[in-house]
Every structure is written in C-alpha cells, then in structure tokens.
Amino acid sequence: MDAVSARPVSRITVLSGGMGGARFLQGLLHGIAAGTLPGVAADAEVTVVANTADDIWVHGLKVCPDLDTVMYTLGDGIDLDRGWGRRDESWSVKEELAAYGVEPTWFGLGDRDVATHLVRTQMLEAGYPLSAVTEALCRRWEPRVRLLPMSDDRVETHVVVADEAEPSGRRVVHFQEYWVRMRAEVPAESVLVVGLDASTPGPGVLEAITETDLVVLPPSNPVVSVGTILGVPGVRDALRASPAPVVGLSPIVGGTHVRGMARQVLTAIGVEVSASAVGLHYGARRSGSAGVLDGWLVDERDADQVERVRAAGLPCAAVPLMMTDPAATAAMAAAAIALVTGAGAAEAG
Ligand code: GDP
Ligand code: CA
C-alpha cells in the first residue's frame, strides 16, 4: 500500500481556459463518477480556477468566455457544435444590433446567452465582484465544480499584429478581435496582458492551489489561458509551494494545436510549437527557479519527445491525448494522476 492508496485524493484543482479545459473537466468528472481514476475518492471535489483574461465588454455587457464555456459545458447548456454559447440558440438581438449598424458586428451573443450577460452585468454594476456573480450564475447551472475566476480584477489580453496602414507598422487588438474577427489568421507579434501585473488572485484561488491533493494543468492554451492564470501575482509561487503534486497535459499534439490558436501565440512568445517545448516552458518544480510541474503528459504521437522532457528533470509519459469523448478524456486524467502519484501506474501503463 502506498501513501496515496492510504489517503485518497479528495480535492482536485484544475487551472482552466475555455473549450480545452471544459472538455478535460467533463472527462475528469466522468472518471470520478465511474471510479476509474487511481487513488481518487468517489466523492472527490473539483475546484476550477478559470482564466478571465479573455473577458471583454461588448454592447455594455461583461463577457467572460472561459467562465461561461466551463459553466455551460458542465451544466449541460453548451452548444456542442460551436463549443461556446447556449444550445438551441437564436440570434435576434445580434441581427437587431447589426440593423442599427452598432459595432462590433463581429462579436455575437445569442439571445439565450444575452440573459446570462444581463444578470452578470447587473450584478457587477450593483457592486458584486465577479467571483460572487459567477457563484450566483452557477447556482442555476450546477456545474458540479467550484468555479473560481482567477481574479476579480479587470485583466484583458491584447495581441500585437502587423498593420501596414499604421505609422508604427503594427496595431494592438483585443484578444477577442484577434480570435473572432481576424480568426487568428495573421501572425501574432506579441501578447500583452493588460492589468495582469496589478491584479490579485480571486477569493479562494491561492487556497485552492495550496490546500488540495492534486493540481492539474489541462490541455488548455499555455499562453492565453493557463499562462495568464500563472501570471496573476502570487499564483505561480503558490503552485511552486503547494504540497500537492502538479501535473500537466499537452495541448499540442503532433506538432500543432488540435483546435484553437495555441500555435500562433506560442510562436509570439518564442516557444517552439511542440509537446515537449510546452512542458519545458512550464518547467519542472524540482529544477529551475520558476517551474510549476511534477509531471507532463504528451500524446503517443509525440512519444519521441518523452526523453527530452525527462532529461530536463520532468517525469513524462506518452498516452493518447485526444479528448474524443468523456471516457477517453477520463483515461487521460487517470494517466496524469498515475504519473505524479504512482497510484495505478500498472493500469495506466
Ligand atoms: P479556449 O479558451 O476555448 O481556447 O480553450 P482552452 O485554452 O481551455 O483550450 C484550448 C486548447 O485546447 C487548444 O489550443 C488546443 O491546443 C487544446 N485542445 C483542444 N482539444 C484538444 C484535444 O482533444 N486534445 C489535446 N491534447 N488538446 C486539445
Ligand atoms: Ca479562452
């Protein structure tokens, strides 16, 4: 009997972006319910620290894409095809705004989704912090996790792109404009996270990292999702100091992102677009001054990169990392847990 089997993992904290993080969480909850996660208690509680640097004010409404993607996905309200927003959506509000010629026309909120945003914005304007608003919205959706914004402060990611029409030759756009309007089709020269250095972690965030049995960095965007969470002052230090093991799963498979635009933003920050390079970018806790990981999983297609990661002092294994359905994703979570706790290593290979 090892220590882990003697004291089951009953608290898990996940640092999440939107779609990649939400899908991982679906699989994690599936694995907990099915009892397929080695050493994890059947009633284990999951806390999610979600990225809020994608947030934007549009048409007077506060939009929090990653919080809502996690909330709607786990609350079974998500549109599965789009991967964001509400299922069975209609678009009258968007059409009416366009008929008035109101900008930005590239950003659409569905009619059902508008209700969520009205509730959020009214509460914020009444003085409630984003964390309290999120808790209130989750009372309806019951996502089965505790969902915490990384910060209650306004933090917004911007992307620098080339623009010949500008005297400087470049232009700064909000992350949402880069992603939604420009479809990340032009190269990102750099990424600026406005407000990050002055932000403070939201209520419960540091405790969720230090008072837990396991921390997971899911296959979320390492720059504009997990990277911004790690950039909230105090979060990286809390991870480095946490007594809990910290494990990550690669969002890069076979040299590219599966969906999204991790490739563009990794290139912008000078990190090679490979599973091993992302693991080394996060770094090993035991070596290096800023590393946060005790283990890193890469996809089996990237098995040839395992040695490179191990050579840097970071335990690493290759397993299938495609989140095709909750059972496949639960198997990824099981392998991640086995890598850093030693529990169930035999089953996980
Ligand atoms: P976003 O906020 O909606 O962009 O979502 P996240 O930041 O949580 O996750 C986006 C990242 O998830 C993408 O850049 C992909 O690299 C990664 N991703 C999406 N689907 C998969 C998958 O099936 N397997 C793996 N390993 N990564 C995935
Ligand atoms: Ca996001």
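**Crossing of H5 and H6**

In which sense, left-handed or right-handed, does helix H5 pass helix H6? In this predicted model, the crossing of H5 past H6 is right-handed. Two packed helices are described by the angle between their axes and the distance between the axes. Here H5, covering residues 111-125, packs against H6, covering residues 130-141, at an angle of about 140°, and the two axes are 9 Å apart.

On the H5 side, the residues that make this contact are Thr116, Val119, Arg120, Met123 and Leu124, and they meet Leu130, Val133, Ala136 and Leu137 of H6. Sorted by class, the contact of H5 with H6 comprises 7 nonpolar residues, together with 1 polar and 1 charged.

**Domains and the contact between domains 1 and 3**

According to the domain assignment, domain 1 is made of residues 2-53 and 203-341, while domain 2 runs over 56-143 and domain 3 over 156-194. Between the C-alpha centres of domain 1 and domain 3 there is a distance of 28 Å, and the contact between these domains draws 11 residues from domain 1 and 11 residues from domain 3.

On the side of domain 1 that touches domain 3, helix H9 (226-231) and helix H11 (262-268) each contribute at least two residues, and H11 gives the most, with 4 residues. The residues on this side of domain 1 are made up of 7 nonpolar and 4 polar ones, with no charged residue among them.

**Surroundings of ligand 1**

The shell around ligand 1 holds 23 residues, of which the closest are Gly17, Gly18, Gly20, Ser220 and Gly260.

**Backbone details in the loops**

In the loop between H3 and H4 sits Asp88, whose phi is near 50°, a positive value in a residue other than glycine.

The loop between helix H4 (92-99) and H5 contains Pro104, and the peptide bond leading from Glu103 to Pro104 is cis, with omega near -5°.

**Confidence of the model**

The average pLDDT of the protein is 95, and 97% of the residues score at least 70. Residues 1-5, by contrast, stay under 50 in pLDDT, and for this stretch the model has 9 contacts beyond four places in sequence.

Terms used. Residues are numbered from 1 along each chain as its sequence is written. Chains are lettered from A and ligands numbered from 1 in the order in which they are written. This is a predicted model: local features need pLDDT of at least 70, side-chain atom pairs count only at pLDDT 80 or more; totals for chains, interfaces and linings use all residues. Domain bounds come from an automatic or database domain assignment. Two residues are in contact if their C-beta atoms, placed from the backbone, lie within 7 Å. Ala, Val, Leu, Ile, Met, Phe, Trp, Tyr, Cys and Pro count as nonpolar, Asp, Glu, Lys and Arg as charged, and the others, Gly among them, as polar. Axes are lines fitted to C-alpha atoms, for helices over the stretch in contact, and angles run from 0 to 180 degrees between N-to-C directions. A crossing is left-handed if the near helix is turned anticlockwise from the far one by less than a right angle, and right-handed if clockwise. A residue is near a molecule or strand if its C-beta atom, placed from the backbone, lies within 6 Å of it. pLDDT is the predictor's confidence in each residue, from 0 to 100.
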